[in-house]
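Please read these notes with the model open beside them.

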Amino acid sequence: MRAITLTEHGGPEVLGLGEAPTPTARPGHVVVRVHTAGVNRADVLQRQGHYTPPPGANTEVEIPGLEASGWIHEVGEQVTGWAEGDRVAALLTEGGYAEYIEVPAGQLLAVPEELSLEDAAALPEVLCTVQSNVFAAGALRPGEWLLVHGGGSGIGTAAIQMAKAQSAKVAVTVGSERKAEFCRELGADAVINYREEDFVERIREITSTGEGPGDGADVILDVMGAKYLDRNLRALAVDGRLVIIGLQGGTKAEANLGRMLPRRLSVIATTLRARPAEQKARIVAEVADTFWKQAAEGRIRAVVDTVFPLAEASSAHARMEAGENIGKLLLRVAED
């Protein structure tokens with residue numbers, strides 16, 4: 001089969017189109033013929049050599065890709081409720097940049113006719129990431145303030161819509177007026193340009209109730225890590241929860257526990273990719289019962305920036321690294 005295989009780490013130019021063995025379905029798994037694959041920041045880090053695939057991943061051929069849509073090609077033993085030809089989207093551990101991918105059956109989402117396969121490919125990773133981190137780990141409740149760093153990203157655009165669907169209030173940080181305007185149109189209650197404003201001061205002003213000490217975000221979804229740790233803690237309200245899902249700003253920083261204790265602040269660090277299949281299946285089931293239905297109904301929409309042919313995966317990565325995209329970048333895999 002055609003696939004983007006990683007034979008070395010480096011810049012976008014290392015993403016060449018090659019050949020890889022076509023998978024077969026083991027018990028409890030299905031093989032999906034891929035229509036479209038999503039491109040994520042984790043794919044960029046893996047290409048650079050900073051994000052090693054977790055234990056259990058394919059060690060023979062390294063193929064990026066954490067989400068995809070398509071049709072079930074083969075059903076393995078012990079799989080029920082799925083049949084060849086079913087339209088599906090899938091949350092993956094790896095392998096989406098290929099014509100075929102083997103997937104645990106518990107990580108599949110049925111794609112209704114109302115939802116295009118292209119849009120469906122843009123949703124599994126972001127919906128599952130926000131569900132597991134903002135709502136499960138962060139316990140965001142109606143009426144609370146969520147601050148999302150990188151509001152124009154795939155995760156950011158999804159988090160805005162999902163939080164608003166649950167009657168929460170959303171502030172986002174962005175780096176340009178173009179992205180700021182888009183986030184406002186998508187439903188963000190407040191937008192902070194991190195190049196021009198101090199997001200700590202701004203979120204306190206935005207959430208001010210006139211009571212002082214309680215001002216700030218109730219939940220922060222952070223992709224920066226060490227670089228933002230101290231400022232994120234200062235930006236939290238009493239009983240606030242900081243959820244770190246990325247380390248674009250480094251891995252090591254000091255936290256002022258003296259600030260955290262009296263304000264009862266929580267710091268949660270988590271990833272989705274390395275979770276056991278059982279946990280991923282539970283998260284996918286939670287998404288299927290809530291936000292996936294809203295996506296099928298058009299109440300949550302896939303925000304797609306650009307669709308590239310599979311052979312132009314390097315261009316997709318270059319666009320993401322340059323910070324030019326608003327929403328998701330996709331790779332069209334199926335030739336028909």
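**Notes on the structure**

1. Start with E181. E181 is partly exposed, with a relative accessible area of 35%; here buried means under 20% relative accessible area, exposed over 50%, and partly exposed in between (1.4 Å probe, protein chains only). The residue E181 sits in helix α5, residues 177–186. Helices (H or I, at least four residues) and strands (E, at least two) are DSSP runs, numbered from the N terminus. E181 and V191 are ten residues apart along the chain, and their C-alpha atoms are separated by 8.5 Å.

2. A word on the source. This is a predicted model, in which local features need pLDDT of at least 70 and side-chain atom pairs count only at pLDDT 80 or more, while totals for chains, interfaces and linings use all residues. Residues are numbered from 1 along each chain as its sequence is written, and side-chain values use heavy atoms, with hydrogens and water left out.

3. Next, the largest pocket. Its space is about 1400 Å³. A pocket is an open set of points on a 1 Å grid over the protein atoms alone, with protein on both sides within 12 Å along at least five of seven lines; a cavity is a set of points where a 1.4 Å probe fits but cannot get out; lining residues have an atom within 4 Å of a point. Grid points are joined across faces, edges and corners, and a volume is the space filled by probe spheres set on the points.

4. What lines the largest pocket? The lining has 49 residues, and R41, S153, V223, G246 and Q248 are the closest to the centre. Two or more lining residues come from each of α1 (41–48), α3 (124–137), β8 (145–149), α4 (154–165), β9 (169–174) and α11 (313–321). The largest share, four residues, belongs to α3. By class, the pocket lining has 21 nonpolar, 20 polar and eight charged residues. Ala, Val, Leu, Ile, Met, Phe, Trp, Tyr, Cys and Pro count as nonpolar, Asp, Glu, Lys and Arg as charged, and the others, Gly among them, as polar.

5. The structure holds one cavity of 30 Å³ or more. The largest cavity has about 60 Å³ of space. Of its 13 lining residues, L123, A158, R301, A302 and V303 are the closest to the centre. Both α3 and α4 supply at least two residues of this lining. The most, four residues, comes from α4. The cavity lining divides into eight nonpolar, three polar and two charged residues.

6. Now α1 against α11. Their axes come within 10 Å and cross at roughly 105°. That makes α1 roughly perpendicular to α11. Axes are lines fitted to C-alpha atoms, for helices over the stretch in contact, and angles run from 0 to 180 degrees between N-to-C directions. Angles of 65 to 115 degrees count as roughly perpendicular, under 35 as roughly parallel, over 145 as roughly antiparallel and the rest as oblique. R41, D43, V44, R47 and Q48 of α1 meet H317, M320 and E321 of α11. Contact means heavy atoms within 4.5 Å. By class, this contact has two nonpolar, two polar and four charged residues.

7. Is M320 buried or exposed? At 8% relative accessibility, M320 counts as buried. M320 belongs to helix α11. Beyond neighbours within four places in sequence, M320 is in contact with V39, N40, R41, V44, N325 and L329. E114 is 206 residues from M320 along the chain, and the C-alpha atoms of the two are separated by 29 Å.

8. L127, C128, Q131 and S132 of α3 touch I283, V284, E286 and V287 of α9. Five of the contact residues are nonpolar, two polar and one charged.

9. Finally, check two backbone angles. Q78 is not a glycine, yet has a positive phi of about 70°. Q78 lies in the loop between β4 (67–75) and β5 (87–91), and is exposed at 69% relative accessible area. D239, also not a glycine, has a positive phi of about 65°. D239 is in strand β12, residues 236–244, and is partly exposed at 37%.
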